[in-house]
Amino acid sequence: MDSLPVHDVIVIGAGAGGLGAACRLLRAGLKCVVLEARDRIGGRAHTIDDFGYPVDLGGQWIHGSCEDNPLFLFAMKTGQIGHKSLDPNALGRRYVDPKSGQLLAYRRFKEAGKAFAGIYRAIDESKLTPKTDQTILEIIQEHWVQARSKLKNDNSKLVLDCLVNSIEEYDGPIGKLSTIAYKKPVGDWPGGNSNLRCGYGALLGKIVENHPKLTILTSQRVAAIQTPWRVFEKKNSTSLQKEEKKKQRGGVGAMPNIKSKTESFVTVTTVEGKRFRGRFVIVAVPLGVLKKGDIEFKPPFPYPLKNSINALQQVGFNKIVIEFESKFHPPLEAKHVPFEIIPLGEDQNKFRRFFYWGRFSGRNIWLGYSMSAYAKSMADKGENAVIQDAIDIFQKAFGRSNPKFPTVKSFQIADWYSDPLARGSWTYVPLGASYEDVRKLQIGMPERHCLFAGEHTAYSNLGSVAGAFVSGEKAADNAINLLGGRGGTSPVMDGSGSRHSGPQIFSSRRNGQSCTVQ
């Protein structure tokens with residue numbers, strides 16, 4: 001064996017899950033190092049300040065504004081909680097008539113809102129078992145068609161379609177999303193959503209600043225992870241079958257039936273050939289990276305875990321930020337100012353909505369959401385074609401009163417679907433999968449000294465930044481316990497729904513570790 005230094009735990013990924021794990025390990029006095037493939041921390045929580053006010057290109061909302069949410073508590077403590085909604089009463093929401101471009105006030109479509117509430121009741125009242133599970137679309141299809149037929153106004157029908165499609169913005173595509181999973185075996189945190197003054201990526205940065213002994217190495221893309229594993233002598237088929245069943249009940253697969261043994265440490269190798277050795281590894285990379293096989297695991301995943309990784313899916317959700325040369329938006333002090341515009345009809349398939357960010361920065365800046373097939377095609381279309389599609393919507397909505405429509409000054413596109421370090425935005429449970437697949441990822445491979453963290457392992461609050469952070473804390477506690485040490489300072493929120501009293505992320509315990517972000 002060579003003389004590589006041995007870390008107690010190697011954390012792969014400096015997104016919310018990896019940082020949650022690393023901070024917990026640091027406070028427990030363990031020697032850990034975080035390897036991050038990007039040249040920054042935060043992962044899919046990425047805040048930029050290029051437009052005069054913080055803009056989140058990834059995670060934007062704190063879901064669950066309550067004391068059980070450690071990131072909400074930290075944001076409150078540091079004065080970073082903004083509004084619980086960008087437009088609480090939707091007074092500034094406008095739908096764009098697909099034919100005339102006229103901006104239509106939200107209050108004109110109360111009938112569409114009532115119709116959507118009726119459709120949603122069909123989901124709540126559905127009684128399904130794993131054997132009879134259906135997609136959300138299959139549950140609501142008939143109710144949706146009937147509700148549409150009762151609406152006399154064509155735009156009301158399009159608004160209803162828009163409301164139904166909004167389910168995807170919070171969970172997943174209705175044509176694939178499991179209804180049982182959508183109803184969730186464990187409830188998410190209460191308290192609604194909150195916006196952040198500093199941005200989500202910046203909030204994670206503040207947490208790192210409060211842990212000055214934390215070692216994070218950026219631009220370290222991992223290529224392979226060699227994990228230790230137990231040895232089995234040759235066994236007959238009956239004993240192997242019993243062992244397989246026993247392991248599957250515990251959430252992990254049976255050990256291979258070969259007579260060999262690897263060293264007792266985890267070895268992590270980067271694409272540049274740099275190696276790190278540790279007693280445990282916590283893998284906090286996105287689900288899409290695991291699905292693609294961008295990191296080689298030696299030995300490979302056991303089949304039950306591999307099947308769960310393949311069964312879960314990720315939403316394609318991209319953002320664009322556009323700044324125009326001059327303002328075409330009405331003055332903020334004017335009556336009924338549109339803060340949010342929602343395209344209808346075919347335009348809705350391209351961009352779900354645009355928020356007027358100029359209300360914060362004083363510049364003519366808009367933040368747009370794109371999902372589904374269009375988001376997945378952005379890389380093929382090219383950024384100029386994507387921006388032109390967005391401009392066409394703005395010209396339709398505002399061009400009638402402004403014949404000399406301003407040109408684009410700058411823009412930025414966050415294409416998480418095509419990003420090789422993300423390969424998607426957040427995890428959802430499709431038909432054919434279940435939350436048991438999430439639980440298997442949450443359990444990981446402790447017998448191989450390998451655990452997982454990230455939003456895809458968050459049995460409660462799946463798909464959220466805070467859920468990812470807590471999953472990292474949980475993985476760290478498990479590693480600490482397996483290494484024979486003491487875990488964090490409080491219980492964590494896990495699949496049982498137990499209370500999380502929050503991490504000590506307001507101060508760090510100094511334990512002699514080197515502390516830098518490199």
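Where is the place of Ser-219? Ser-219 sits in the loop between β9 (215-217) and β10 (222-226). Helices (H or I, at least four residues) and strands (E, at least two) are DSSP runs, numbered from the N terminus. The model is predicted, so local features need pLDDT of at least 70 and side-chain atom pairs count only at pLDDT 80 or more, while totals for chains, interfaces and linings use all residues. Residues are numbered from 1 along each chain as its sequence is written, and side-chain values use heavy atoms, with hydrogens and water left out.

Most residues other than glycine have a negative phi, and most peptide bonds are trans. Ser-219 is not a glycine, yet its phi is positive, at about 55°. At 41% relative accessibility, Ser-219 is partly exposed. Buried means under 20% relative accessible area, exposed over 50%, and partly exposed in between (1.4 Å probe, protein chains only). Asn-461 also has a positive phi, near 65°. Asn-461 lies in the loop between β21 (450-452) and α16. With 4% relative accessibility, Asn-461 is buried. The peptide bond from Lys-298 to Pro-299 is cis, with omega near -5°. Pro-299 belongs to the loop between β13 (296-298) and α11 (303-311).

Two helix pairs were examined. Axes are lines fitted to C-alpha atoms, for helices over the stretch in contact, and angles run from 0 to 180 degrees between N-to-C directions. Helix α3 (residues 110-125) packs with helix α4 (residues 136-150) at about 150°, with the axes 9 Å apart. The two are therefore roughly antiparallel. Angles under 35 degrees count as roughly parallel, over 145 as roughly antiparallel, 65 to 115 as roughly perpendicular and the rest as oblique. Contact means heavy atoms within 4.5 Å. Residues of α3 that meet α4 include Ala-115 and Ile-119. Their partners in α4 include His-143 and Trp-144.

The axes of α13 (residues 372-381) and α14 (residues 383-398) come within 7 Å and cross at roughly 130°. That makes α13 oblique to α14. Here Tyr-374, Met-378 and Lys-381 in α13 meet Ala-385, Val-386 and Asp-389 in α14.

A nonpolar core is a set of buried Ala, Val, Leu, Ile, Met, Phe, Trp, Tyr and Cys residues joined through side-chain atoms within 4.5 Å. The largest has 47 residues, and those touching the most other members include Val-9, Tyr-200 and Ile-282. Helix α16 gives the most to this core, with nine residues. A second, separate core has 46 residues, among them Leu-104 and Trp-357.
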